[in-house]
Amino acid sequence: MSFTQFFDNYSDNLIVQYSLIFALLVGVFHLTIFLLKFGSLVYDLFIAAPVNFSKYGAGSGKWAVVTGASDGIGKEYALQLAKKGLSIVLVSRTQSKLELIAKEIETAYKVNTKIVAFDASTDDEENYLKLEKAVFDLPVTVLINNVGQSHSIPVPFLETEKKELQDIITINNIATLKITQIIAPRIVSTVNNANNQKNTRGLILTMGSFGGLLPTPYLATYSGSKAFLQSWSAALAGELAADNVDVELVISYLVTSAMSKIKRSSSTIPNPKQFVSSTLKGIGRRNGAQERYATSTPYWTHALMHFGIDSTVGVYSKFANKLNLQMHQSIRQRALKKAARLAAEKKD
Ligand SMILES: NC(=O)c1ccc[n+]([C@@H]2O[C@H](COP(=O)([O-])OP(=O)(O)OC[C@H]3O[C@@H](n4cnc5c(N)ncnc54)[C@H](OP(=O)(O)O)[C@@H]3O)[C@@H](O)[C@H]2O)c1
Ligand SMILES: *[C@@H]1O[C@H](CO)[C@@H](O)[C@H](O)[C@H]1NC(C)=O
């Protein structure tokens, strides 16, 4: 029986009529939600005006603390925030690299800088005391939790070296929590001070990743560490909203850097400068992360990828997991081949 035959036979049946109307309403409901979300995504990415950083104290003697500031994305956060008129506390492992960047920033942007060098993988009390000492009298309004480490190459969890998994969790999670416990109170007291007549707000950005958005086989520990930051950051956003501090997790697919080991940028892989500029321009908007509070996927192609996965199979689906497994197995194969080639060249 064809649909038309079925319809001719049963169209005067009330149950059939109500079912059809119900199906239509459900369809219209889902389509409306989808179109509203998509409209909001397009507005966030391409129409909304860039955020004016004077709201976070730029140009009025306020400070930003940037971790992992000596390279890649963190260095770009430091440069671009300084350009907007914030003084910068630069935190990372290597003193000499930090000194060069501090000088570059002071000369180019006429703001102040301070340097704090420590190895976050040691989780040493001394590290945090150094940081505390550097900021105790500074009017800090911004914290960029950027420092992070991934696996040196994709690796099955059962073959992951103990030191690697320990370092990833210590740097990405423990250090981020402890640094935030030092800096966030400074931000809260700066923006809730009676002298804050301009109603300057505070800002805490934390670097998430597609590795945390999607469970990622062969990067299991890194994936878990970034998923941890998603929940922690959104929870903190709820807590600090009443204190005039905006807290946001920033989600990114690949960016050219030492960590990604990708040198050439493309439409889906921006360089750090392009990535950070899209992030700072779109603070407070969700961009590709339409379904998530206090979360943004700011780079436009990453945003479309996030939105696409979310509107179809979903980030926790078996399908997404399988594709991700295949992608990282093949990255591992290529990385192993390259390592073997380099080892052979060395022998010759
Ligand atoms: N690149 C990507 O494709 C990508 C994608 C998604 C998310 N992310 C996230 O973005 C953030 C920055 O990544 P990136 O690609 O810019 O990394 P990167 O180029 O490797 O830079 C890492 C920065 O962190 C510092 N750092 C590393 N280990 C440290 C330690 N043990 N103690 C103190 N500082 C340490 C480094 O300092 P030294 O130079 O002194 O060692 C450097 O300044 C990370 O959280 C990462 O997970 C990156
Ligand atoms: C940003 O806001 C400040 C203060 O409200 C204003 O003086 C400044 O002109 C604005 N900058 C831009 C680029 O709109």
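Buried means under 20% relative accessible area, exposed over 50%, and partly exposed in between, using a 1.4 Å probe and protein chains only. This is a predicted model, where local features need pLDDT of at least 70, side-chain atom pairs count only at pLDDT 80 or more, and totals for chains, interfaces and linings use all residues. Residues are numbered from 1 along each chain as its sequence is written, chains are lettered from A and ligands numbered from 1 in the order written, and side-chain values use heavy atoms, leaving out hydrogens and water.

View 1. Lys338 sits in helix 11, residues 318-347 (helices are DSSP runs of H or I, at least four residues). With a relative accessible area of 46%, Lys338 is partly exposed.

View 2. Asp124, Glu125, Glu126 and Glu132 make up a negative surface patch. Look for Glu126 in helix 5, which covers residues 125-135. Glu126 is partly exposed, because its relative accessible area is 48%.

View 3. The "active site" label at Tyr222 comes from an unreviewed UniProt entry. You'll find Tyr222 in helix 8, residues 220-240. Tyr222 counts as buried, because its relative accessibility is 9%.

View 4. UniProt, in an unreviewed entry, lists residues 15-36 as a "transmembrane region". The span is 100% helix and 0% strand, and its end C-alpha atoms lie 31 Å apart.

Terms used: Helices (H or I, at least four residues) and strands (E, at least two) are DSSP runs, numbered from the N terminus. UniProt positions are given in the numbering used here, feature names are shortened, and annotations may be inferred rather than shown by experiment. Patches are made of residues with over 30% relative accessible area and no salt bridge: like charges are joined within 9 Å, nonpolar side chains (Val, Leu, Ile, Met, Phe, Trp, Tyr) within 5 Å. Accessible areas come from the Shrake-Rupley method with a 1.4 Å probe; for residues, only the protein chains shown count as cover. A salt bridge is a side-chain nitrogen of Lys or Arg within 4 Å of a carboxyl oxygen of Asp or Glu. Lys and Arg count as positive and Asp and Glu as negative; His and the chain ends are not counted. The place of a charge is taken as NZ of Lys, CZ of Arg, CG of Asp or CD of Glu.
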